[in-house]
Amino acid sequence: MEKFSGFYKLTIEERMKLLKSECKLSEEEVKILLDTGSLSHEAANHMVENMVGATHIPLGIAPGFVVNGKEYVVPMAIEEPSVIAAASKGAKLAKECGGFTADADEPVMMGQVQIVGMGKDALAKFEKNKAEINAKAKELCAQMEKYGGGLRGVGARILETNRGSMLIAEFAVDVRDAMGANTVNTMLEGVSPLIVEKCGGKARLRILTNLALLRKVRAKCVWKKGVVSEEEIEGILDGYALAANDIFRCATHNKGIMNGIDAVAVATGNDWRAVEAGAHSFAAMGGYRPLTRFHKDGKGNLVGEIELPLAVGTIGGSIKTNPVAQISLKILGAKSARELSMVMAAVGLAQNFAALRALGTEGIQAGHMRLHGANIAVIAGAKPEEVEKVAKKLAESKEYSAENAKKILKGLRGG
Ligand code: HMG
């Protein structure tokens with residue numbers, strides 16, 4: 001693999017030549033890799049290191065999401081069938097009941113500076129010099145102030161570990177419509193020498209936390225009895241009870257929620273890994289639990305709620321360089337990061353509602369596999385005009401395999 005040393009220094013043409021010969025790629029395969037779609041080679045090359053192509057994820061829309069009285073068309077980028085259909089179904093039934101209500105905290109991110117090897121009086125020294133440390137941190141994120149953001153708080157604590165005591169200085173910054181990682185990390189690196197000067201020791205990690213506990217979002221919907229049948233409500237409540245009491249189900253329950261939230265994050269150019277880390281660490285606080293809650297109100301309606309931290313932005317590096325992200329934000333029409341996060345929370349709740357509704361009644365496979373059938377038809381070699389017919393026959397046979405699709409295709413073609 002020495003041939004790949006310095007790969008990043010090569011032009012894209014040189015990289016493809018080397019990759020082609022070392023990995024035995026065909027002309028056609030190189031051509032496929034280099035089809036970067038709406039991303040120019042130059043943009044893609046600046047987004048990641050050693051760029052040799054782009055992979056494509058379908059983009060769809062889930063229409064009819066009413067959140068706080070405003071109707072949204074929600075862009076979702078995902079490779080899995082039935083997720084967008086399920087979100088749309090949840091939104092449609094929610095709309096018939098007045099839609100979702102949602103609220104979000106101010107967009108405040110937190111970051112940590114880890115100090116090791118300091119004396120026993122480090123915390124007292126931090127407290128004594130807090131005003132100066134605060135002033136320095138404030139100055140370092142002053143550019144946020146013109147947008148209404150900026151430093152919101154400073155604190156410190158001692159953490160006992162198997163590597164000894166550590167001073168953990170924590171900073172909260174309102175990052176407005178950015179995700180905020182760059183702002184926070186730059187500030188943390190800038191303020192750490194002052195902390196060391198005042199408290200002693202050595203600065204190690206200076207990084208934001210993805211558990212964005214001060215940046216939580218909540219959404220709620222009351223699905224009315226009648227719009228949702230009593231049997232569906234009972235099924236959803238039983239499914240929720242399993243997730244609330246069993247970690248094996250809870251993992252899948254939360255995965256279903258993130259199907260929707262991640263798809264909006266990817267469509268809008270947001271860091272879905274950060275979103276995932278925040279959601280699951282939040283769910284694990286005090287024992288891993290569902291990100292949603294369901295109960296029946298006094299009238300027999302189904303009340304669904306979701307709460308989670310959501311660090312997403314509507315401006316920033318990769319959003320700017322990705323034209324599809326820009327267009328997705330235009331389709332969505334969210335005016336701020338908070339508004340985007342509220343819609344995402346509603347999507348997560350709708351997704352979970354639809355999955356539980358299907359799981360608790362006819363089962364997930366009927367709807368999911370009906371839609372996945374088209375995928376199987378394509379894999380089996382169906383032409384565009386044949387896909388629907390093959391998918392229909394797969395559904396009738398209830399045997400969703402490529403083998404069966406090939407058999408059906410042969411039959412359709414008169415073979
Ligand atoms: P249905 O009741 O047959 O739908 O549900 P319908 O034909 O009555 O249509 C009602 C609405 O659903 C439509 O309204 C659309 O909004 C939407 P309309 O546009 O007609 O006015 N809809 C669709 N939207 C786009 N494309 C479609 C489509 N079909 C319906 N083809 C549905 C069908 C698939 C929605 C239902 O069966 C469902 O919600 N299933 C759940 C599917 C699901 O959750 N998939 C996620 C992937 S599986 C997974 O990984 C997660 C999981 O493990 C999580 C967990 O365990 O909790 C399940």
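Trainee: By class, how many nonpolar, polar and charged residues does the lining of the second largest pocket have?
Mentor: This is a predicted model, in which local features need pLDDT of at least 70 and side-chain atom pairs count only at pLDDT 80 or more, while totals for chains, interfaces and linings use all residues. Residues are numbered from 1 along each chain as its sequence is written, and side-chain values use heavy atoms, leaving out hydrogens and water. Ala, Val, Leu, Ile, Met, Phe, Trp, Tyr, Cys and Pro count as nonpolar, Asp, Glu, Lys and Arg as charged, and the others, Gly among them, as polar. On that basis, the lining of the second largest pocket has seven charged, 10 nonpolar and 12 polar residues.

Trainee: What is the volume of the second largest pocket, and which residues are the closest to its centre?
Mentor: A pocket is an open set of points on a 1 Å grid with protein on both sides within 12 Å along at least five of seven lines, and lining residues have an atom within 4 Å of a point. The volume of the second largest pocket is about 620 Å³. Of its 29 lining residues, the closest to the centre are Ser-82, Ala-86, Ala-355, Ala-358 and Ile-364.

Trainee: Which helices each supply at least two residues of the lining of the second largest pocket?
Mentor: Helices here are DSSP runs of H or I with at least four residues, and strands are E runs of at least two. The helices that each supply at least two residues to this lining are H4 (83-95), H9, H13 and H14 (364-379).

Trainee: Which helix gives the largest share of the lining of the largest pocket?
Mentor: The largest pocket has a volume of about 1,600 Å³. It is lined by 50 residues, and Val-266, Gly-269, Asn-270, Ser-318 and Asn-322 are the closest to its centre. H3 (41-47), H7 (181-199), H9, H10 (272-283) and H11 (317-321) each supply at least two lining residues. The largest share, seven residues, comes from H9.

Trainee: How are H9 and H13 oriented to each other?
Mentor: The axes of H9 (residues 247-267) and H13 (residues 337-360) come within 8 Å and cross at roughly 135 degrees. Among the contact residues (heavy atoms within 4.5 Å) are His-253, Gly-256 and Gly-260 of H9 and Met-344, Gly-348 and Asn-352 of H13. The residues of this contact divide into nine nonpolar, seven polar and one charged. Angles under 35 degrees count as roughly parallel, over 145 as roughly antiparallel, 65 to 115 as roughly perpendicular and the rest as oblique, so H9 and H13 are oblique.

Trainee: Which element gives the most to the lining of the largest cavity?
Mentor: The volume of the largest cavity is about 60 Å³. Its lining includes Asp-105, Arg-215, Lys-216 and Arg-338, and strand S8 (216-223) and H13 are the elements that give two or more residues. With three residues, the most comes from H13.

Trainee: How do the residues of the contact of H14 with H15 divide by class?
Mentor: The axes of H14 and H15 (residues 384-397) come within 8 Å and cross at roughly 125 degrees, and the two helices are therefore oblique to each other. Arg-370, Gly-373, Ala-374, Ile-376, Ala-377 and Val-378 in H14 meet Val-387, Val-390, Ala-391, Leu-394 and Ala-395 in H15. These contact residues divide into one charged, one polar and nine nonpolar.

Note on methods
Axes are lines fitted to C-alpha atoms, for helices over the stretch in contact, and angles run from 0 to 180 degrees between N-to-C directions. Contact means heavy atoms within 4.5 Å. On a 1 Å grid over the protein atoms alone, a cavity is a set of points where a 1.4 Å probe fits but cannot get out, and a pocket is an open set with protein on both sides within 12 Å along at least five of seven lines; lining residues have an atom within 4 Å of a point. Grid points are joined across faces, edges and corners, and a volume is the space filled by probe spheres set on the points.
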